[in-house]
Amino acid sequence: ADVALAAHFLAYVVIANRRYTDLFEWGQRSVPLSLAAEIQHRLLPGSFTCEAGQFTLAAWLQPAGEIGGDTFDFSLERDTLHVSMTDAMGHTMDAALLATVLVGGLRNARRRGVELAEQARLANDALAEHAVESQFVTGLIVRIDLHAATAGIVNAGHPPPLRVRAGQVQRVPLEVDRPFGLEAGGDYRVQALHLEVGDRLMFVTDGMLERDAAGLNMAAILIEGLDMHPREAVQHLTQAVLQAS
């Protein structure tokens with residue numbers, strides 16, 4: 001109990017002080033970051049795990065040193081959970097800049113309090129204003145009403161999530177709208193995301209599905225991790241992809 005209490009106080013010290021110093025960043029890094037990766041790390045939420053009464057959310061980014069435009073974000077309000085996963089085309093500084101504009105656009109729209117379809121439209125228009133021809137970002141944007149136990153999702157050209165329910169894994173059937181940034185204007189469809197108590201959703205970018213990882217039995221990996229905490233389940237899947245690659 002004494003050790004747990006001391007750890008609790010230490011965690012508050014770290015959280016309170018890390019905004020003022022690079023010390024904790026140095027301690028966490030095992031590899032040097034590219035400039036693009038440095039930019040994209042600033043887009044990520046302050047915590048990769050969020051535990052609440054109705055849900056637990058966990059995320060991870062791999063590899064840490066060289067990032068190809070992949071980002072995730074979440075925000076918790078009193079009765080609403082917002083989640084996004086985006087993947088900017090390319091593996092260079094251009095991808096980091098595209099990701100920066102889109103994530104900023106999504107956050108700006110979300111903080112205006114507009115509905116999900118309008119969030120997607122505003123973020124798309126902001127990106128289209130700055131992207132050059134053929135530059136785009138795929139993404140999933142989710143809004144979960146924790147009070148009503150309902151959810152909506154926008155699919156902008158991104159791989160659909162996997163849902164584990166009652167020991168069975170299924171790809172969530174979603175209609176696909178165009179990726180963000182290809183052209184300004186137009187609407188994005190908000191589709192119903194049906195959830196039940198006990199469901200587990202796994203969102204991935206295409207780097208988890210391509211090349212040597214394409215042959216992985218992802219459904220079996222998710223079933224293996226069903227009894228794990230979501231944080232461990234995410235790591236379990238990541239390690240399987242790394243081993244295959």
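What percentage of the 245 residues in the protein chain is buried? And once that is clear, which residues of H4 meet which residues of H5?

Analyst: Happy to walk you through it! Please keep in mind that this is a predicted model. Buried residues account for 41% of the 245 residues in the protein chain. The chain holds seven helices and ten strands. A compact globule with 245 residues would have a radius of gyration near 18 Å, and the protein chain agrees because its own value is 18 Å.

Now to the part you asked about. Helix H4 covers residues 93-112, while helix H5 spans 116-130. The two pack at an angle of about 145°, and their axes are 8 Å apart. Their crossing is right-handed. On the H4 side, the residues that take part are Leu98, Val101, Leu102, Gly105, Leu106, Ala109, Arg110 and Arg112. They meet Gln119, Leu122, Ala123, Ala126, Leu127 and His130 of H5. Sorted by class, this contact of H4 with H5 has nine nonpolar residues, three polar ones and two charged ones.

Most residues other than glycine have a negative phi. Serine 134 is not a glycine, yet its phi is positive, at about 75°.

Definitions and conventions
Residues numbered from 1 in each chain as written. Predicted model: local features only at pLDDT ≥ 70, side-chain atom pairs only at ≥ 80, totals over all residues. Heavy atoms only, no water. Helix = DSSP H or I, 4+ residues; strand = E, 2+ residues; numbered from the N terminus. Axes fitted to C-alpha atoms, helices over the stretch in contact; angles between N-to-C directions. Left-handed = near helix turned anticlockwise from the far one by under 90°. Contact = heavy atoms within 4.5 Å. Nonpolar A, V, L, I, M, F, W, Y, C, P; charged D, E, K, R; others polar. Rg over C-alpha atoms; globule rule 2.2 N^0.38 Å. Buried < 20%, exposed > 50% of the residue type's maximum accessible area, 1.4 Å probe, protein only.
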